[in-house]
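Please read these points alongside the coordinates.

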Amino acid sequence: MSRVVTLPPAGTLLAVTDLHGNLADFHAIVARFRSVMDTPGPRPHLLFCGDLVHGPAIAPQAWPEHLGDCYLDQTPRLLAEARQLQAAYPQQVHFLLGNHEHAHLGGPRLAKFHPDEAAHLERQYPSGGFTPIRRWMAGWPLAAVAPAAGIAFTHAAPHAQISGPGDLDDLALDGYESTPLTDMASSGPLGALLWARTTPVERGFAFLRALHPDCKASAATTATRCTWSGIWLDRRAAPLRLPATACGGSTPTLGRYIASEQSRAQRAR
């Protein structure tokens, strides 16, 4: 099982991250994806860069401004619809593992909105009902790469030190239950890709080149550093449109910014 998604050399890519149970935003990005499907040209790809799960549980009157518009956490329904979407477009819809999904797979338990986010979600399913969801998540990749454009996507910063994509394929997801959150980014390639906030430029580029030999130079985009606009990449080899909710790169190689959708669940994080 490969932990790296290799994207085509040209076409349209929609990238979104950290929906955290926001079903309205999920519907918005899926509608955009379907609209692009109706345009001439190569079939588009839709990439979710982790953390579909574990939304807020805050009363409207207490909702903090930094979280954007108030919404109801609908993670179970979002996951059901996401599985259906991938089943309908298995070659075009991709999900990267985030640290919140990892909490269901042997990662450290999180307490952002509940004392144990993973336990809270799993209790919403009947006995054994979450098992198929867990199996599905266990197969999610850790990175995506567009070799012709020289771009990589990860949930956190591309801080992992690897010699090739096979290093990611061999990673075990379990065994991190007792690892302190503050130690996860330094606990090896898996922890780095799910938890690191930053990485030196050269280390990020080294990760990119290790993912694919054709990636000589360019940029990595992550879910942990946010800009509230998409990125237009007009490469002669591979024009890619990225209406992303959170793209961490800001190097000149990324070109000019354009307005696009943003996840209300992700604002100001």
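1. A residue is called buried under 20% relative accessible area, exposed over 50%, and partly exposed in between (1.4 Å probe, protein chains only). By that criterion, 54% of the 269 residues in the protein are buried. This is a predicted model, in which local features need pLDDT of at least 70 and side-chain atom pairs count only at pLDDT 80 or more, while totals for chains, interfaces and linings use all residues. Residues are numbered from 1 along each chain as its sequence is written, and side-chain values use heavy atoms, with hydrogens and water left out.

2. The protein has nine helices and ten strands; these are DSSP runs (helices H or I, at least four residues; strands E, at least two), numbered from the N terminus. With contact taken as heavy atoms within 4.5 Å, 75% of the contacts between residues at least 6 apart in sequence join residues at least 24 apart.

3. Strand β5 (residues 143-146) has A143 and V145 pointing one way and A144 and A146 the other, and all are buried. In a regular strand the side chains alternate between the two faces of the sheet.

4. Strands count as paired if DSSP finds at least two bridges between them. Strand β1 (residues 4-6) runs parallel to β5, joined by three bridges, and V4 has A143 as its bridge partner. Strand β6 (residues 151-154) is antiparallel to β5, also with three bridges; here I151 stands opposite A146. β5 and β6 make a hairpin with four residues between them, and G150 in the turn has a positive phi of about 70°.

5. A nonpolar core is a set of buried Ala, Val, Leu, Ile, Met, Phe, Trp, Tyr and Cys residues joined through side-chain atoms within 4.5 Å. The largest has 55 residues, of which F26, F48, L52, L79, L168 and L211 touch the most other members. Helix α1 (residues 23-37) gives the largest share of this core, seven residues. A second, separate core of twelve residues includes V5, L7, L96 and I151.

6. Which residues of α1 are buried? They are L23, D25, F26, I29, V30, F33, V36 and M37. Seen down the axis of α1, these fall within an arc of 160° (taken from the directions from the helix axis to the C-beta atoms), so they line one face of the helix. They pack against β2 (13-16), β3 (45-48), α2 (75-88) and β4 (93-95).
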